[in-house]
Amino acid sequence: TAGKLIASLSASSSSSATSAAHSIARRIEGLDSFTWNTVIRGYLERNDPQNAILVYSHLRGLNVAVDSYTVLFVIKACGVVPAIDQGKLMHAQIFKLGFVLEIIVQTALLNMYVVFDEIQSMRKVFDEMPLGDLVAWNSLIAAYSGKNYPKEALKVARAMVREHVSMNEVTAVSILSACSSLKALREGKSVHSYLLKADANLDVFVQNALMGMYSKSSSLSYACRIFHSMAMRNVVSWTIMINGYACSRRFDEALSIYRQMESANVRPDEVTLLSIISVCSELGSSELSIWITLIVEKSGPERERTALANALMRMHTKCGNILKACQIFDGMKERTLITWTTMIQGLAMHGHGMAALMRFVQMQGQGLKPDGVVFLCVIFACSHAGLVEYGRKYFNLMIKEYDIKPWMEHCGCVVDLLCRAGLVDEAFDFVANMPIEPDMMLWRMLLMACQNQGCPELVSQVMHHIHELGPKGSEDYVLMSNLCASVAEWDVVKKVRDEMRQRGVTKEVPGSSFLEVHENVHRS
């Protein structure tokens, strides 16, 4: 029959077959909703949601009766487009058509509003649904968790418990995701305990969610126990453990997990590679940076994967290989604002100020609008290369042409630029007349500049501002003491030291050093 032919064509994987089915259907009168549903669904599955919506509009114009599945497919199509106005119109029509109590329709509506980021409308739909339906609760919790409203997700989970609706594995994954975002260890443990008592099926997705929650809640030992007890691990499982160790700054163990993953013949995905690149970057090892670059290249051309290329550039910059970072940049097919920022920052860190400024000009020529981070890198480049005039120029350009309000970091770079150039008086005037209130760090920079440049006449003014901002740290006392000692003002030195003793201020111990030997990084 014609109906079977239309259904068969609509089910084909060919877009032309779906169009043919639609063409046939339009020539036949009296087709039922089931047949039309196959056409609408065919367009939806062929990733042609606009035509799915048009078919529905055609049906409404012909006064053809539709059923809940017709409405369901069209709501999904509205979410795919996304067609906000049409979606809201469908919501209104559901009441007129009498489908307001259909759970599958209401759930589709809820998910449609999630796509539209219409959180209030989403909640309104949920409030109109029967409270006992687990699918509805799961959809709402997943929506809040996925849209970065973790607190709301946990509120809904608590309400679900009060309504005596039992969670399943899908619910658990969404709640654990919210717990991870909030580092809510107590709530996460409660979910874990519930699952164990209910003898739930702890599949790989639930176990991954548990590991993610524990690792982000500073309970890595619990995550390790779950990881080692897993009968089956996927790439997400390994990546969670790598990230967990990395976030705990246990970089050697993160590398060890990655090598175990390789031995298990698990192919890393882009997220895994980004994680291990970050680990190598933190270790600052040149040998490790070469090793991971080769792995990325074997997995596919990094120039076509912008996020990976950006991460590799950043890593090579931190590991001292700016030439390799430049090679990756030059070979990239697509460059985002982050790409240009990474390149400018890398060149600036390595003292190539003019090269960094040239990249900035090239970026402007590409039509990309610089943001505050880009300008911070540009002014930083000027500071470290002694390009005072360029530094002034780009700071003013940022404010006047791009209407970006300066951050404390921008002002700090300008102060550093002027102080490095020996323009301490100008730096003092700049800080005193800044468009934002200077913080303690800027005044400390000036105090240090006074010491380095030999400007004792400004010390009392700078120290007055430091006093006004609050209690002084050990670095302020030490700076002032050393500065006064350099001009033989021993009475003041004694007074500063006495004040340090009275306030119980002690000189802080400096940081640590790194030594790399055969891919092993030793700290001291």
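**Entry 1: Arg 250**

Is Arg 250 buried, partly exposed or exposed? I looked it up and found it partly exposed, at 34% relative accessibility; buried means under 20% relative accessible area, exposed over 50%, and partly exposed in between, with a 1.4 Å probe and protein chains only. I note that this is a predicted model, in which local features need pLDDT of at least 70 and side-chain atom pairs count only at pLDDT 80 or more, while totals for chains, interfaces and linings use all residues. Residues are numbered from 1 along each chain as its sequence is written, and side-chain values use heavy atoms, with hydrogens and water left out.

Glu 253 is partly exposed, at 34% relative accessibility.

**Entry 2: other salt bridges**

I recorded 15 salt bridges in the structure. One of them joins the side chains of Glu 282 and Arg 249 at 3.4 Å, N to O. This pair links distant parts of the chain, 33 residues apart: Glu 282 lies in helix H17 (residues 270-283), and Arg 249 in the loop between helix H15 (235-247) and helix H16 (251-263). Helices are DSSP runs (H or I, at least four residues), numbered from the N terminus. I found Glu 282 partly exposed at 33% and Arg 249 exposed at 54%.

I also examined Glu 45 and Arg 46, whose side chains meet in a salt bridge at 3.8 Å, N to O. Glu 45 is partly exposed at 46%, whereas Arg 46 is buried at 19%. Arg 41 joins Glu 45 and Arg 46 in a network of salt bridges.

**Entry 3: helix H23**

I turned to H23, residues 372-385, which has 14 residues. From its first C-alpha to its last it reaches 20 Å, close to the expected 20 Å, a span defined as 1.5 Å times one less than the number of residues. Because 10 of its 14 residues are buried, H23 is largely enclosed by the rest of the structure. Among the buried residues I listed Phe 375, Leu 376, Ile 379 and Cys 382. The buried residues of H23 pack against helices H21 (337-349), H22 (353-365), H24 (388-400) and H25 (408-420), contact meaning heavy atoms within 4.5 Å.

At the N-terminal end, I found Asp 371 as the cap of H23, with a side-chain oxygen 3.2 Å from the backbone nitrogen of Val 373. After H23 comes Gly 386, whose phi is positive, near 70°.

How values were computed. Helices (H or I, at least four residues) and strands (E, at least two) are DSSP runs, numbered from the N terminus. A polar contact is a pair of N or O atoms within 3.5 Å; within protein, one must be able to donate a hydrogen and the other to accept it, and residues adjacent in sequence count only if both atoms are side-chain atoms. A salt bridge is a side-chain nitrogen of Lys or Arg within 4 Å of a carboxyl oxygen of Asp or Glu.
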